[in-house]
Amino acid sequence: MNTSGIDRTTWEAAGFRPCIVIPYFRHEGAIGGLLARLRPHGVPCWIVDDGSGGASAAAVRGLAETQPDWLHLLVLPENRGKGAAVHAGFTAAAAAGRTHALQIDADGQHDAADVPRLLAVAATTPDAVIAGVPIYDQTIPAVRYYGRRLTHWLVWLQTGSRDLRDTMCGFRVYPLASTLRVWARTPVGARMDFDTEILVRLYWAGLQVFNVPTRVTYPADGVSHYRYMRDNLRMIWLHCRLLGGMVRRRAGRAQATEKECRR
């Protein structure tokens, strides 16, 4: 019996067919517990193994083999990055007739109990992105906290708005058709720059973003694949690209306004 508060029958009758997509890379210590918390919600799940290999790949393969009724496993032959894994999951889910994908990270930081809440907002605003906004406890490392704050300020500059409360949280609901359309038109960062870039580009494309607070915990034994030198350089390059995009957008609007005034 479904006790999660998800009204699947009503949603699917209205054309809202959500799923869950999990990008996975060597989080074998956390993935079993995460799947156990997600399964009671009764929403089909795609997990994308981003070239983990070895025991890590075997662990997630074993979990998928025991839960074929709701869990679909995609395996990328080599590690291509979080964004690439999410794109593969979104493409597969859309091909299977799913309209929306709730992305959740595999490391166990996010509160799976909030899945029904995010999906309920998405069901009533199906053209929007539903973005989790982290409520942190004392477990967040200080360097992560201040790094995220800097990214938030830069995004507010790039978008000219504070509508995007947090662009680094890996807990969101995306409308698949419009997301894949934007992705096809503009390449999006394939690694740790993905979460920020896709949300900014969807916002620039005119999608509304609804922010939903959600608890985030950094487990003491959690595994992070964020590499401070490499990924901080990648984030710097991302913000350079987004600042360039902001300048081009503003220049385009100025030209359009000038042409309108000359009529």
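**Helix packing and salt bridges in a predicted model**

Good morning. I begin with two helices, H4 and H7 (residues 176-185), whose axes come within 10 Å and cross at roughly 130°. The axes are lines fitted to C-alpha atoms, for helices over the stretch in contact, and the angles run from 0 to 180 degrees between N-to-C directions. That angle makes H4 oblique to H7; angles under 35 degrees count as roughly parallel, over 145 as roughly antiparallel, 65 to 115 as roughly perpendicular, and the rest as oblique. The crossing of H4 with H7 is left-handed, meaning that the near helix is turned anticlockwise from the far one by less than a right angle, whereas clockwise would be right-handed.

Before going on, a word on the source. This is a predicted model, in which local features need pLDDT of at least 70 and side-chain atom pairs count only at pLDDT 80 or more, while totals for chains, interfaces and linings use all residues. Residues are numbered from 1 along each chain as its sequence is written, and side-chain values use heavy atoms, with hydrogens and water left out. Helices (H or I, at least four residues) and strands (E, at least two) are DSSP runs, numbered from the N terminus.

Which residues make the contact between H4 and H7? On the H4 side they are Gly83, Val86, His87, Phe90, Thr91, Ala93 and Ala94, and on the H7 side Leu176, Thr179, Leu180 and Trp183. Contact here means heavy atoms within 4.5 Å. By class, this contact has seven nonpolar, four polar and no charged residues. Ala, Val, Leu, Ile, Met, Phe, Trp, Tyr, Cys and Pro count as nonpolar, Asp, Glu, Lys and Arg as charged, and the others, Gly among them, as polar.

H7 also packs with H8: their axes come within 10 Å and cross at roughly 100°, so the two helices are roughly perpendicular. Ser178, Thr179, Val182 and Trp183 of H7 meet Phe194, Ile198, Arg201 and Leu202 of H8. This contact comprises five nonpolar residues, two polar and one charged.

A further pair is H2 (residues 28-38) and H3 (residues 54-66), with axes within 9 Å and a crossing of roughly 15°. They are therefore roughly parallel, and their crossing is right-handed. Glu28, Ile31, Gly32 and Leu35 of H2 face Ser56, Ala59 and Leu63 of H3 in the contact.

I turn now to the salt bridges. How many does a search of the whole structure find? It finds 10, each being a side-chain nitrogen of Lys or Arg within 4 Å of a carboxyl oxygen of Asp or Glu.

Lysine 82 and aspartate 195 form one of them, at 2.6 Å from N to O. This pair links distant parts of the chain, with lysine 82 in H4 and aspartate 195 in H8 (residues 194-204), 113 residues apart. Both lysine 82 and aspartate 195 are buried, that is, under 20% relative accessible area, with exposed being over 50% and partly exposed in between (1.4 Å probe, protein chains only).

Arginine 201 is buried at 15% relative accessible area, and glutamate 197 is buried at 1%. Salt bridges with shared partners join Asp193, Glu197, Arg201 and Arg241 into one network.

Finally, glutamate 12 forms a salt bridge with arginine 98, at 3.5 Å between the closest N and O atoms. Glutamate 12 lies in H1 (residues 8-13) and arginine 98 in the loop between H4 (82-95) and strand E4 (100-104), 86 residues apart. Glutamate 12 is partly exposed at 34%, whereas arginine 98 is buried at 12%.
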